[in-house]
Amino acid sequence: MEILRHVVLLVHLTGFAILFGAWFVEAVARRYQATRLMDLGVLVAGVAGLALAAPWGLDHDLNYVKIGIKLVVLIVIGALVGISTSRARKGTPLPSWVFWLIGGLTLLNAGLAVIWR
Ligand code: HEM
């Protein structure tokens, strides 16, 4: 059970890597808009995160305040990425601060995960 939980954690981290990696590529290329790959990262991190939020294969209690905040932050990231990709498709990109907010909130969630125990 513990090994399975670690596998789900690896999937969760892969989702984070896809989301943040896709965002970083756009930042370096100075395109400042969300992409379909970021949608995928949100989906993978979100589904695996929800699976990890259930108390299975654990020898300690979960911090549900932290998990609740992470869920709210992920919903906001998902909304911003979704709005941004659909607006980009229509040719009316969102202001660049929305792009920076997506990266900032992603790092915030990773920071909450590793710093707040
Ligand atoms: C962009 C969104 C997210 C990012 C960047 C992120 C990042 C991370 C990282 C880096 C870890 C590893 C922490 C460690 O093992 O030291 C982790 C673990 C975890 N995440 Fe997420 N996460 C996100 C969203 C979510 C969501 C939406 C949930 C649940 C609703 C969630 C629930 C968990 C749980 C339960 C763990 C297991 C470790 C613990 O007890 O905190 N995550 N996350």
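Predicted model: local features only at pLDDT ≥ 70, side-chain atom pairs only at ≥ 80, totals over all residues.
Visitor: OK, how many helices and strands does the chain have?
Guide: The chain comes to four helices and zero strands, where helices (H or I, at least four residues) and strands (E, at least two) are DSSP runs numbered from the N terminus. Read from the N terminus, the order of elements is α-α-α-α.

Visitor: And what about the overall dimensions of the chain?
Guide: Taken along the principal axes, the C-alpha atoms fill a box of roughly 50 × 25 × 20 Å. The radius of gyration of the chain is 15 Å, which agrees with the value near 13 Å that a compact globule of 117 residues would have; this radius is taken over C-alpha atoms, and the globule rule is 2.2 Å times the number of residues to the power 0.38.

Visitor: What share of the residues is buried?
Guide: Buried residues make up 19% of the 117 residues. A residue counts as buried if 20 or more other C-beta atoms lie within 10 Å of its own, as exposed if 12 or fewer do, and as partly exposed in between, with C-beta atoms placed from the backbone.

Visitor: Let's go to α1. What span should it have?
Guide: At 1.5 Å a residue, the 27 residues of α1 should span 39 Å, and its end C-alpha atoms are 38 Å apart, which agrees; the expected span is 1.5 Å times one less than the number of residues.

Visitor: Which residues of α1 are buried, and what covers them?
Guide: His12, Gly15, Phe16, Leu19, Ala22 and Trp23 are buried in α1, and what covers the buried residues of this helix includes α2 and α4. As a general point, an α-helix has 3.6 residues a turn, so residues three or four places apart point the same way.

Visitor: What comes just after α1?
Guide: Just after α1, Arg30 takes a positive phi of about 55°, although Arg30 is not a glycine. Most residues other than glycine have a negative phi.

Visitor: Switching to the core: which residues touch the most other members?
Guide: In the largest nonpolar core, which has 14 residues, these are Leu19, Met38, Val42, Ala45, Val81 and Ile102. The elements that give two or more residues to this core are α1, α2, α3 and α4. A nonpolar core here is a set of buried Ala, Val, Leu, Ile, Met, Phe, Trp, Tyr and Cys residues joined through C-beta atoms within 7 Å.

Visitor: What is Met38 in contact with?
Guide: Leaving aside neighbours within four places in sequence, Met38 is in contact with Leu19, Ala22, Trp23 and Val81, a contact meaning that the C-beta atoms of two residues, placed from the backbone, lie within 7 Å.

Visitor: And Leu105, what does that one touch?
Guide: Leu105, which lies in helix α4, touches Val73, Val76 and Ile77, not counting residues up to four places away in sequence. Leu105 and Val73 are 32 residues apart in sequence and 6.7 Å apart in space, C-alpha to C-alpha. Leu105 is partly exposed, with 15 other C-beta atoms within 10 Å.

Visitor: Last topic, the ligand. Which residues come nearest?
Guide: Of the 22 residues around the ligand, Gly49, Leu52, Leu74, Asn109 and Ala113 come nearest, a residue being near if its C-beta atom, placed from the backbone, lies within 6 Å. The elements that give two or more residues to this shell are α1 (2–28), α2 (36–52), α3 (64–89) and α4 (96–115).

Visitor: How do the residues of that shell divide?
Guide: They divide into 16 nonpolar, five polar and one charged, where Ala, Val, Leu, Ile, Met, Phe, Trp, Tyr, Cys and Pro count as nonpolar, Asp, Glu, Lys and Arg as charged, and the others, Gly among them, as polar.

Technical notes. Residues numbered from 1 in each chain as written.
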